Amino acid sequence: MSATQAALTQLLPLAGDTFDKNKVTPGLLGFIVFAALALGVWGLMKSMSRHMNRVDFEEAPDPAARPAGGEPAP
């Protein structure tokens, strides 16, 4: 058995006595991770919006469509 496993088997019973099993919350670390993800998504959406506004293209006319004069295409 490794030193890590030995430490875990000794420390886990102690941790079980200190936690209230009916009151488990994500805590400060959960909030920080969630806030970081939210800021990352906000930044990506802002960047995508900026890049999409820079796109400038003209759609090529459909070759099968009739010209504006009303005559069928040859």
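**Exercise 1.** Determine which side-chain contact the backbone oxygen of Ser 47 makes.

*Solution.* The backbone oxygen of Ser 47 lies 2.8 Å from a polar atom of the His 51 side chain. A polar contact is a pair of N or O atoms within 3.5 Å; within protein, one must be able to donate a hydrogen and the other to accept it, and residues adjacent in sequence count only if both atoms are side-chain atoms. The model is predicted, with local features requiring pLDDT of at least 70 and side-chain atom pairs pLDDT 80 or more, while totals for chains, interfaces and linings use all residues. Residues are numbered from 1 along each chain as its sequence is written, and side-chain values use heavy atoms, without hydrogens and water.

**Exercise 2.** State where His 51 is found and classify its accessibility.

*Solution.* His 51 is found in helix 2, helices being DSSP runs (H or I, at least four residues) numbered from the N terminus. Because its relative accessible area is 46%, His 51 is partly exposed (buried is under 20%, exposed over 50%, partly exposed in between; 1.4 Å probe, protein chains only).

**Exercise 3.** Locate Met 45 and classify its accessibility.

*Solution.* Met 45 belongs to helix 2, residues 27-54. Met 45 has 47% relative accessibility and therefore counts as partly exposed.

Methods: Helix = DSSP H or I, 4+ residues; strand = E, 2+ residues; numbered from the N terminus.
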